[in-house]
Amino acid sequence: MGKCTAVHAALAALALGFALQSAHAQDTLKIAAGQRGNWDTSISEVGQRAGIFRKHGLVLEILWTQGTGETQQAVISGSVDIGVEVGIMGVLSAYSKGAPVRVIGAETTGATDLFWYVPASSPIKSLKDTDGKTIAYSTNGSSTHGIVTAFIKQYDLKAKPTATGGPAPTLTQVMSSQIDVGWSAPPFGMQQLDEGKIRIIASGNDAAIFKGQTVRLLITNVQTLQTRKPVLERYMKAYRETVDWMYSNDPSALKTYADFVGIPEAMATRTRDGFFPKTAVDPDKVVGLDVIVQDAVALKYTATPLTKEQLAELIQIPPRQ
């Protein structure tokens with residue numbers, strides 16, 4: 001018995017040693033992500049809840065922001081390692097001014113998820129009725145900011161672009177008549193649409209320059225890329241795996257997302273299938289970059305186009321392994 005007990009004790013100590021070694025092997029990444037609860041911004045959170053990032057030796061500390069402005073600044077300052085859902089116009093603007101930002105993945109391509117709305121009782125029927133009216137976007141440099149700017153240029157509007165933060169505070173401002181036209185992305189606003197409280201007057205794809213093009217990115221700081229490149233590569237590997245899982249037939253994927261956001265699974269399904277085709281969240285494909293760079297100049301986000309060498313320096317997406 002004594003010999004058996006000693007063997008068991010040795011095995012237990014060995015197991016504990018492996019557990020401690022495994023725990024120490026976990027790397028922590030600080031993430032800043034805009035718009036808590038949106039399908040595309042939830043990939044890191046959902047993957048962590050499913051244990052996918054831990055499987056790749058990662059623990060994520062996620063800070064939720066109101067959008068690109070806050071997220072990008074946190075990355076530039078080095079307060080976080082990765083920024084999620086950063087508008088491509090904001091990134092091009094920051095990089096052209098010398099900010100130490102690099103792109104490690106595409107976050108969203110196309111703008112089918114974004115929509116602009118008014119209260120059901122509003123006299124505004126379309127974007128052409130917005131002269132002199134306030135029209136919302138999240139934060140400066142965000143995809144919503146770029147789209148509103150494009151709306152104004154494309155339709156020659158005299159609307160007043162106004163930063164309102166995320167979908168929740170924007171809805172409050174619209175329903176209290178502080179803002180004339182609000183913005184949102186599913187699942188936010190879907191209940192109000194179903195109840196007939198609000199009406200959609202435009203979608204993100206109504207801005208021609210953003211249709212089918214990459215609009216939001218995953219970014220990091222130059223120093224982080226230089227000092228923690230293997231960790232970032234593991235993050236992107238886990239991120240890709242999470243995307244595949246969220247679009248699989250495994251019902252627990254939608255349930256994990258629905259539980260995180262606090263919505264019914266049916267609404268989670270509508271959000272994914274109705275607004276976010278898998279091609280929209282392909283992290284390896286930055287689409288239409290040459291056109292986007294030209295548009296950034298036209299919309300006054302950058303003074304001059306970026307060269308091919310500069311774009312090669314900016315885009316640092318880790319290859320699939």
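A cavity here is a set of grid points where a 1.4 Å probe fits but cannot get out, and a lining residue has an atom within 4 Å of such a point. Keep in mind that this is a predicted model.

Searching the whole structure gives one cavity of 30 Å³ or more. The largest cavity has a volume of about 60 Å³. Which residues line the largest cavity? They are Gln 35, Thr 68, Glu 85, Leu 114, Ser 138, Ser 142, Ser 143, Thr 144, Trp 183 and Arg 216. Sorted by class, that lining has two nonpolar, six polar and two charged residues.

Now the backbone. Most residues other than glycine have a negative phi, and most peptide bonds are trans. Gln 35, from the cavity lining, has a positive phi of about 55° without being a glycine. Gln 35 sits in the loop between β1 and α2, and it counts as buried because its relative accessibility is 4%. Ser 177 also has a positive phi, of about 65°. Ser 177 belongs to the loop between α7 and β8; its relative accessibility is 63%, so it counts as exposed.

The loop between β8 and α8 contains Pro 187. A cis peptide bond joins Pro 186 to Pro 187, with omega at about 10°.

Last, helix α10, residues 229-246. Its 18 residues should span 26 Å at 1.5 Å a residue, and the end C-alpha atoms are 26 Å apart, so the two agree. Buried residues in α10 include Val 231, Leu 232, Tyr 235, Ala 238, Thr 242 and Trp 245.

Technical notes: Residues are numbered from 1 along each chain as its sequence is written. This is a predicted model: local features need pLDDT of at least 70, side-chain atom pairs count only at pLDDT 80 or more; totals for chains, interfaces and linings use all residues. Side-chain values use heavy atoms; hydrogens and water are left out. On a 1 Å grid over the protein atoms alone, a cavity is a set of points where a 1.4 Å probe fits but cannot get out, and a pocket is an open set with protein on both sides within 12 Å along at least five of seven lines; lining residues have an atom within 4 Å of a point. Grid points are joined across faces, edges and corners, and a volume is the space filled by probe spheres set on the points. Ala, Val, Leu, Ile, Met, Phe, Trp, Tyr, Cys and Pro count as nonpolar, Asp, Glu, Lys and Arg as charged, and the others, Gly among them, as polar. Helices (H or I, at least four residues) and strands (E, at least two) are DSSP runs, numbered from the N terminus. The expected span of a helix is 1.5 Å times one less than its number of residues. Buried means under 20% relative accessible area, exposed over 50%, partly exposed in between (1.4 Å probe, protein chains only).
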